[in-house]
Amino acid sequence: MYFTFPQSWIAPAIAAAAIQFGPPLNSSQDAHVQVKYRSLPGQALGGFKYWDTILIDRKPRREWPKWKAQCVLVHEYGHLTGENHARRRSSIMHRLLVKETCARWRRVHGLT
Ligand SMILES: [Zn+2]
């Protein structure tokens with residue numbers, strides 16, 4: 001069995017990401033973004049497809065902490081809007097999840 005994110009984690013993360021990044025490339029509405037759980041290659045925590053779907057790795061694992069789940073959702077949402085990876089580790093679009101960057105983004109964007 002794999003852990004699925006509560007809707008109460010997903011909705012505010014997507015809403016905050018939409019304020020920063022704007023709508024997904026295929027849509028004017030962030031409400032259409034779906035979250036699906038798949039076995040992703042390697043160490044990947046997340047991915048995306050079709051400009052409207054966020055993929056979350058579903059290898060059996062312990063429960064994700066909320067901060068990590070929301071940071072992966074925000075990062076993948078960024079890709080749905082056409083964002084590429086950023087070089088700066090202080091960017092939420094850095095290719096690696098950086099705990100301090102996540103914490104700052106969550107604080108600045110009012111995620112709790
Ligand atoms: Zn990425």
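Trainee: In S3, which residue is the bridge partner of glutamine 34?

Mentor: The model is a predicted one. Strand S1 covers residues 34–38 and pairs with S3 in the parallel sense, over five bridges. Within this pairing, the partner of glutamine 34 in S3 is threonine 53.

Trainee: Which residue of S3 is the bridge partner of glycine 46?

Mentor: Strand S2, residues 46–49, runs antiparallel to S3, and four bridges join the two. In S3, the residue bridged to glycine 46 is isoleucine 56.

Trainee: In the hairpin of S2 and S3, which residue takes a positive phi?

Mentor: Three residues lie between the two strands of this hairpin. The positive phi, near 55°, belongs to tyrosine 50.

Trainee: How many of the residues of strand S3 are buried?

Mentor: S3 spans residues 53–57 and is mostly covered. Thr53, Leu55 and Asp57 point one way from the strand, while Ile54 and Ile56 point the other way, and all are buried. The count of buried residues in S3 is therefore five of five.

Trainee: What separates histidine 75 and histidine 79 in helix H2?

Mentor: Helix H2 consists of residues 66–80. Histidine 75 is buried, with a relative accessible area of 9%, and histidine 79 is also buried, at 8%. Because these two histidines are four residues apart in the helix, the separation is about one helical turn.

Trainee: How many disulfides does a search of the whole structure find?

Mentor: Cysteine 71 is buried, with a relative accessible area of 3%. Cysteine 102 is buried as well, with a relative accessible area of 3%. A disulfide would require two cysteine sulfur atoms within 2.5 Å, and the number found in the whole structure is zero.

Trainee: Which residues lie closest to the centre of the largest pocket?

Mentor: The largest pocket holds about 360 Å³ of space. Of its 21 lining residues, the closest to the centre are His75, Glu76, Arg95, Leu96 and Leu97.

Trainee: Which element supplies the largest share of the lining of the largest pocket?

Mentor: The lining divides into ten nonpolar, nine polar and two charged residues. S2, H2 and helix H3 (99–108) each supply at least two residues of this lining. The largest share, five residues, comes from H2.

Definitions and conventions. Residues numbered from 1 in each chain as written. Predicted model: local features only at pLDDT ≥ 70, side-chain atom pairs only at ≥ 80, totals over all residues. Heavy atoms only, no water. Buried < 20%, exposed > 50% of the residue type's maximum accessible area, 1.4 Å probe, protein only. Pairing = 2+ DSSP bridges. 1 Å grid on protein atoms, 1.4 Å probe; cavity = no way out; pocket = protein on both sides within 12 Å on 5 of 7 lines; lining within 4 Å. Points joined across faces, edges and corners; volume = space filled by probe spheres on them. Nonpolar A, V, L, I, M, F, W, Y, C, P; charged D, E, K, R; others polar.
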